Amino acid sequence: MALSEAQARRQKIKQLREQGIDPYPAARYKRTHTTQKVKELFSQPGKELDKGQSDPSETSLKLSGRIVSKRDSGGIIFVDLRDIKSNIQLKIEKQFFQSDRGITFEQLELLDTGDWLGVEGIGCRTLRGELSIQVRELVILSKASIPFSDAYYGVNDIEICRRHREMDLAGNQKSLGRFIVRSRIIQSIRFYLHEAEFYEIETPMLQAIYGGAAAKPFITHHNALDMDLYLRIAPELYLKRAICGGFERVFELGRVFRNEGIDSTHNPEFTSLEVYQAYADLFDMIDLTENIICYAATAARSDTKEIDFQGKSISLERKYDHSDKYPELPGKHWQVKTMAEAVKDVTKLDFESFSILSEAVEAVEKYLENINAKLADRQKKLSLSDLEKQSLGYLLYAVFDKFVERTLIEPTFIIDFPVEVCPLAKQHRSKPGFAERFELFINGTEYANAFSELNDPEVQRQRFEEQQIQREAGDEEAHPLDEDYIEALSLGMPNCGGLGIGIDRLVMLLTDTQSIRDVVMFPTMRPVKD
C-alpha cells in the first residue's frame, strides 16, 4: 500500500537519522547573506554575471531559508530557497558539491518542500539567465514532517489561513508581506509619537472597574483576592490619571478586549492606540490624527495620497480649508462636518430645526416608513428603540448610525456629538446639548475617536450617574461609576485632548484587506467540532 505524503516524510526523517544526519540539529547556523543581499550584490557595477557565468571572485555566500520547490533536471537539482525577503534558486551539481559536512549528493532525495536549509556556495547565472547559488555545501536545519502548501498558489482555504496562520505565512507571500507592513505601521506610529515627545506608558489589562468605552467586558476571577476582574475595554481612564499626576503627553499602543460580535471589522481582542495631550483640545486631535495616519501610510506604501481599497480610490490628501468656520483649524485638512450637517446631507432631516422631541420622532418615523417601504426583506426593516426616543441627542445619533456612517467614503471628521453619548467628553464650548467629540470615518467605517476631555469631577460624577440609569434600563454597554477616576480628576487635570485609533482597521485600509481576521495574526475563531 502506498504511503501518504506525511508517512513518506516521517520515513525520510527516520532514514536521515539512521544515516547519521540529525534532521533537527542544535547547532546554530550563521548566514552571511540574505537572498535580497545576494541580488543586490550581483546588480552592482562590475559584479554583473553573464548567462552561464559563475562569480570569478568565488565569494563564499552562506544563506538559509525554506525549500518552496525542488526539481531534478538531468543530474542537476534546482531548489527554490525562500527567506523572509525573497526567493533565490539553488543549483546543485555533483561535481561542485562537497560532502565533508552536511548531507551527501545522494541524500538530497530525502529533502522535501518545507524543509529549512543552510547552504554555502558562490553566485552564478544559469544558461537561461537566472541568478542562482552554485551550492558547494548543504545542511538540514529542520525537516518538515507534514505536506507543504503549493509554492505558487499557497493555502487556498481561508479558514485554514486564519486558524493556522503559520501555514498561511509559509505558503502565501502576500499574507507574509501584509504582516510585515503591519509591523512597519506600528513601528512608525511609535516613532512618530516618540519624536513628538509623547511618553509610552503601560496600564492594567486586568481592571476592577472597566471603563473608557461603551462595550461589554470579559470577566475573569482572581482566586487569591477572591474578586472578579475585567479585561480592559480601553486604557483611557488610567492614561488620564497619568495626566492628572503630571505627565503632559502619554500614549499606549496595545491590546484591548470587548465581549462583542465578530464580523469583518470586529474581533474580540484588537489593537488600539490611545493618546492624551495636556493643554490641547478636539482641534489639536484632528491635527494629530491626520499626522499619525499619513505617517503610517508613508511607512506602508509609496503612494500616500491615493489608496485603492476594495475597488475604491480613497484620497488621503488634506485639501479642505475650514479656517473661516473653525479658526482653530488653520491650513488644509480632511473634510469636517457636524453630525447634524451630515444627517441633513443624507436624509434631509434638519435636527437643528426640531424644537421638541415628539416633532423629531414623528419626522424620523415617517422617514423610516419611506425607507422600509422599499425593502423587500421584512427582516431588515428598521425601527426606533425606546432608548433612541429618549432625547433629541439619542435620536440624532441613531439616525446618523443607521443611515449616514456608511456614506462617508473620503476621510471625514464628524464633530459635535450629542452629550448623551459622550460621558467622558467636555460640554461643547458654544452649543448646549453637544459635546466636543469627533469620530473619523473612511469608507463608511470608524477609524478614530477623540474628545476634548471632561476634567470637571462634579460633572463627571453626574455623567456617570446618568450612565448608571441607562445600565438599569438595560444598556449593557453604559459606563459604570468609577470613584478612583473621579478622585483623580479631583486632584486636577489640565484641559486635555484625547484620541483613540483602531490599529487593525488602519492596517486593513493601508493593505487593501477586507476582513480584520486577515490582519490579526491569530484571530478569534469558532471552535472546530470533530
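Helices (H or I, at least four residues) and strands (E, at least two) are DSSP runs, numbered from the N terminus. With that settled, Ala-342 turns up in helix H8, residues 339–347. The model is a predicted one, in which local features need pLDDT of at least 70 and side-chain atom pairs count only at pLDDT 80 or more, while totals for chains, interfaces and linings use all residues. Residues are numbered from 1 along each chain as its sequence is written, and side-chain values use heavy atoms, leaving out hydrogens and water.

Back to Ala-342: its relative accessibility is 1%, so it counts as buried (buried means under 20% relative accessible area, exposed over 50%, and partly exposed in between, with a 1.4 Å probe and protein chains only). Leaving aside residues up to four places away in sequence, Ala-342 touches Lys-337, Phe-400, Val-404 and Ile-414, where contact means heavy atoms within 4.5 Å. Glu-269 is 73 residues from Ala-342 in sequence and 31 Å from it in space, C-alpha to C-alpha.

Next come the helix pairs. Helix H5 (residues 173–195) packs against helix H13 (residues 503–511) at about 120°, and their axes are 10 Å apart. Axes here are lines fitted to C-alpha atoms, for helices over the stretch in contact, and angles run from 0 to 180 degrees between N-to-C directions. H5 and H13 are therefore oblique to each other; angles under 35 degrees count as roughly parallel, over 145 as roughly antiparallel, 65 to 115 as roughly perpendicular, and the rest as oblique. On the H5 side, Arg-178, Val-181, Arg-182, Ile-185, Ile-186 and Ile-189 meet Ile-503, Asp-504, Leu-506, Val-507, Leu-510 and Thr-511 of H13. Sorted by class, this contact of H5 with H13 has 8 nonpolar, 1 polar and 3 charged residues (Ala, Val, Leu, Ile, Met, Phe, Trp, Tyr, Cys and Pro count as nonpolar, Asp, Glu, Lys and Arg as charged, and the others, Gly among them, as polar).

As for H13 itself, 9 of its 9 residues are buried, so the helix is largely enclosed by the rest of the structure. Just after H13, Asp-512 takes a positive phi of about 55°.

H11 (residues 457–472) and H12 (residues 483–491) make another pair, with an angle of about 160° and axes 9 Å apart. That makes H11 roughly antiparallel to H12. Pro-457, Gln-460, Arg-461 and Phe-464 in H11 meet Glu-483, Tyr-485, Ile-486, Leu-489 and Ser-490 in H12. The contact of H11 with H12 divides into 5 nonpolar, 2 polar and 2 charged residues.

Ile-189, already met in H5, also shows up in the largest nonpolar core, which has 50 residues. Such a core is a set of buried Ala, Val, Leu, Ile, Met, Phe, Trp, Tyr and Cys residues joined through side-chain atoms within 4.5 Å. Ile-189, Leu-193, Leu-273, Phe-438 and Leu-499 are the residues with the most contacts inside this core. Helix H7 (residues 282–300) gives the core its largest share, 11 residues. A second, separate core has 46 residues, including Cys-244, Tyr-276, Val-361 and Phe-403.
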